[in-house]
Amino acid sequence: MSETTVRDLIDPGEEAVDRYRARGYADDVLPIRPKDRTWKVPQFVTVWMGPIHNILSYFTVMTFFALGLNAWQVVGAIMTAAAIVSIGYVLNGQAAAKYGVPFAMQLREAFGHKGALVPTWIRGIIAGFVFFGITSVSSAQAFDVVFETIFPGFMDIGGGADILGLPIPTAISYLVTWVLTVGLFLGGQAFLGRFSTWANPAVFILVVIAVVIAVTNAGGFGEVMSVRPVDSIVTPLVFITCVSMLVSNWAGPIVNTGDYTRNAKAMKDPAVGFPIGVIGSYILFALVTVSFVASLQVATGGDFDINRPGVFVEAINSIGNPFVVVLLIIAMNVGAVAFVVFGNMLPAGLQLTAQLPKLFTVKRGAILAALIGTFILPWQFVENTDMLFLFYSFIGSLFGPIVGIMLASYFVERGRTLDLDGIYADYRGGEKGSLPAYNWRALGVMFLSFVITMAGRIPGISSVDFLAQVNNLAFFSGLIIGFVGYTLTILANRRRA
């Protein structure tokens with residue numbers, strides 16, 4: 001090994017990287033040396049600034065009102081989630097920031113060089129497929145408003161017919177969204193970077209303008225903060241459930257945050273940049289949420305169905321100015337496209353390339369995610385709040401234990417170190433590296449956690465209140481079971497040694 005330390009970052013050296021490349025590892029998954037890193041604090045501040053304002057996230061917080069939360073409680077839940085997401089980004093991104101390795105390769109330390117395929121497929125592929133589809137259909141429903149405004153009568157196309165349950169006008173909007181998203185991704189990494197630099201501030205400015213109009217429509221800030229569409233008792237558990245749902249919405253990037261932190265020029269850059277960017281953006285996100293619902297309440301006299309996640313599109317429309325509404329929906333869909341591209345298609349492509357380099361490139365893997373994300377008929381998941389709850393409990397049950405096991409592996413088992421030669425050994429060529437093929441302790445804890453957290457959804461078992469609550473808090477439940485469960489196996493292993 002010829003590792004050196006540069007500003008707390010580990011440099012494996014040119015010779016080591018060339019050796020890994022000669023073993024067949026694609027350039028996209030090799031360690032990024034400190035001299036080649038480009039991201040400073042501003043990049044980490046802005047990376048999620050636009051994507052946070054995506055339509056699916058707003059659909060999600062509409063369920064908070066449906067559960068009975070008032071405006072202050074909704075703001076509190078959003079900001080609590082923002083703090084947790086920030087901490088997750090920083091902690092789970094430390095290893096990649098230090099060593100420059102992508103998420104898919106880092107997983108080998110915790111799950112084994114073959115066992116890493118399981119969490120890789122869960123995050124990059126299964127979740128990538130689902131998030132691509134659901135986010136795209138949410139954007140398509142918002143585009144319906146844009147097209148109806150520009151082309152009156154658009155929503156009458158097809159005379160009420162549908163395609164596999166999706167109304168024909170929305171199917172057209174979905175096709176437009178799909179082509180835009182995939183086309184943007186195929187533009188390449190450099191184009192994506194320029195797009196993000198331009199789009200994120202534009203989204204931010206338009207959203208601020210819309211908030212001012214919505215607050216004015218509602219009759220002032222005091223009226224906005226008094227909004228409560230559903231009057232029911234809100235227990236601490238209901239509040240935590242809301243926080244868990246929003247964290248689950250951003251749990252995917254928490255899992256593979258290393259794909260971003262590996263570009264850091266210094267360890268402090270993501271530690272400073274992520275909290276500023278995420279918490280700052282969520283403050284505006286919270287204001288949008290409560291002010292738009294207040295505007296909708298005034299516009300409709302309170303006659304709207306808050307149990308439909310898609311009611312947020314009606315809230316946007318309540319602003320009343322068609323020009324602003326169209327620009328705002330486009331801006332939010334830009335955020336959604338950025339969320340899909342950076343948060344789902346890119347990880348899906350990277351994971352497939354890392355695990356099956358002879359079959360996939362990053363672009364091929366991402367296109368596969370876009371196709372399968374459509375074939376799963378994602379519009380079924382945004383029909384009502386119950387389906388959205390099911391989606392987030394499923395995603396949280398998958399992502400929570402992966403994050404918990406990764407944290408336990410890096411901080412407890414490995415003492416904040418990674419074995420690069422073990423990670424990049426030539427296992428396919430027959431080399432016996434230092435890592436096992438499968439770490440059954442990690443895989444067992446992950447499987448057990450999924451079973452426990454999803455048990456509350458099984459008919460006949462769902463009546464057990466404890467399991468139902470564990471499912472409601474799926475991401476947190478999985479995170480705790482994953483971290484504590486894997487740590488216990490580490491301690492037991494050391495005791496036997």
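N249 lies in helix α11, which covers residues 236-249; helices here are DSSP runs of H or I with at least four residues, strands are runs of E with at least two, and both are numbered from the N terminus. This is a predicted model, in which local features need pLDDT of at least 70 and side-chain atom pairs count only at pLDDT 80 or more, while totals for chains, interfaces and linings use all residues. Residues are numbered from 1 along each chain as its sequence is written, and side-chain values use heavy atoms, with hydrogens and water left out.

With a relative accessible area of 0%, N249 is buried, where buried means under 20% relative accessible area, exposed means over 50%, and partly exposed is in between, using a 1.4 Å probe and protein chains only. Leaving aside residues up to four places away in sequence, N249 touches L56, S57, T60, F131, F339 and Y392, a contact being heavy atoms within 4.5 Å.

S477 is found in helix α22, made of residues 474-496, and its relative accessibility of 13% places S477 among the buried residues. When residues up to four places away in sequence are not counted, S477 touches T453 and V470.

## The chain as a whole

The secondary structure of the chain comes to 22 helices and four strands. The chain has a radius of gyration of 23 Å, close to the 23 Å that the globule rule gives for 497 residues, so it is as compact as a globular protein of that length; this radius is taken over C-alpha atoms, and the rule is 2.2 Å times the number of residues to the power 0.38. The C-alpha trace spans about 70 × 50 × 45 Å along its principal axes.

Of the 497 residues in the chain, 58% are buried. Among contacts with a separation of 6 or more, 82% are between residues 24 or more positions apart. The accessible surface of the chain comes to about 19,000 Å², and carbon and sulfur atoms account for 66% of that surface, as computed by the Shrake-Rupley method with a 1.4 Å probe.

## Charges and salt bridges

The chain carries 30 positive and 29 negative side chains, and the centres of the two sets lie 12 Å apart; Lys and Arg count as positive and Asp and Glu as negative, whereas His and the chain ends are not counted. Side chains of opposite charge can pair when their charged atoms come close. A search of the whole structure finds 10 salt bridges, each being a side-chain nitrogen of Lys or Arg within 4 Å of a carboxyl oxygen of Asp or Glu.

One of these salt bridges joins the side chains of E431 and R23 (3.8 Å, N to O). The pair links distant parts of the chain, 408 residues apart, with E431 in the loop between α19 (420-423) and α20 (440-455) and R23 in the loop between α1 (14-22) and α2 (41-46). E431 is partly exposed at 34% relative accessibility, and R23 is also partly exposed, at 22%.

In another salt bridge, the side chains of E413 and R441 meet (3.0 Å, N to O). E413 lies in helix α18 (residues 385-413) and R441 in helix α20, so the pair ties together parts that are 28 residues apart in sequence. The side chains of D231 and R228 also meet in a salt bridge (3.7 Å, N to O), in which D231 is exposed at 69% and R228 is partly exposed at 31%. Finally, D18, R21 and D27 are linked in a network of salt bridges.

Methods. Charge placed at Lys NZ, Arg CZ, Asp CG, Glu CD.
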